[in-house]
Amino acid sequence: MISIAAVAAMSAATPLAAAQKNGAIAQDFKLTDMYGKTVQLSDFRGKTVVMEWHNPGCPFVVKHYDSGNMQATQAAARKQGAVWLTINSGAQGKQGYMKGPAAQKLSKDQGMNADHYLLDVKGVVGKAYAAKTTPHMYIVDGAGKLVYQGGIDDKPTANKADIKSARNHVTAALGELKAGKSVSVAQSRPYGCSVKYAS
């Protein structure tokens, strides 16, 4: 279980050193969702879990939400039985920071299809996962192992027109997992705005 003390003990020089390795059991955590409910990663053992780092003010995030691409990816994942966790690690006073009611409104206005919108104001989970950008995507399989981390696709731009020709790494990985195959692209370069941590 991730604790604040554990994150504080991480090197200040490399606060986002890769903490999670593909093939290893994903670090368990607890966060509060936008309704005040505690959500724990290990509660979903047996199901595939997708984690999406989110900042509503980031142009790269806007690209995927205004186009409907992220919502479609969320819906496709859930249709396959996956659990989708959208995580906001924006610190108070920084771009993207939200409290529960604001997150609820945003989720409704944008038609989000996430199972939970989680608030990581202190950045504990984000730093433990070395989440660098918004969006930054992670997939955990039913055995609890991390099987994908990186960008949502292979077009690192804020241009909505690029979505059509992009390879969606998340939907591709989920399809491979459902077919009983290994994830062919298990890691890619995340792109987007930097996660707005407190420090």
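View A. At 55% relative accessibility, Lys105 is exposed (exposed means over 50% relative accessible area, buried under 20%, partly exposed in between, with a 1.4 Å probe and protein chains only). Asp109 is exposed too, at 53%. The two form a salt bridge, with their closest N and O atoms 2.7 Å apart. A salt bridge here is a side-chain nitrogen of Lys or Arg within 4 Å of a carboxyl oxygen of Asp or Glu. Both residues sit in helix H4, four residues apart, about one turn of the helix. Helices (H or I, at least four residues) and strands (E, at least two) are DSSP runs, numbered from the N terminus.

The model is predicted: local features need pLDDT of at least 70, side-chain atom pairs count only at pLDDT 80 or more, and totals for chains, interfaces and linings use all residues. Residues are numbered from 1 along each chain as its sequence is written, and side-chain values use heavy atoms, leaving out hydrogens and water.

**View B. The salt bridge between Asp115 and Arg78.** How many salt bridges does a search of the whole structure find? It finds two. In this one, the closest N and O atoms of Asp115 and Arg78 are 3.2 Å apart. The pair links distant parts of the chain, 37 residues apart. Asp115 lies in the loop between helix H4 (100–110) and strand E5 (116–119), and Arg78 in helix H3 (residues 69–79). Asp115 is partly exposed, at 29%. Arg78 is also partly exposed, at 37%.

View C. Which residues of H4 are buried? They are Gly100, Ala103, Leu106 and Ser107. These residues cover an arc of only 125 degrees around the axis, so they lie on the same side of H4. The arc is that of the directions from the helix axis to the C-beta atoms. The buried residues pack against E5. The face turned away from the buried side carries exposed Pro101, Lys105, Lys108 and Asp109. Just after H4, Gly111 takes a positive phi of about 65 degrees.

**View D. Val50 in the largest nonpolar core.** This core has 28 residues. A nonpolar core is a set of buried Ala, Val, Leu, Ile, Met, Phe, Trp, Tyr and Cys residues joined through side-chain atoms within 4.5 Å. Val50 is among the residues with the most contacts inside the core, as are Trp84 and Tyr117. Leaving aside neighbours within four places in sequence, Val50 is in contact (heavy atoms within 4.5 Å) with residues including Ala77, Trp84, Met137 and Leu174.
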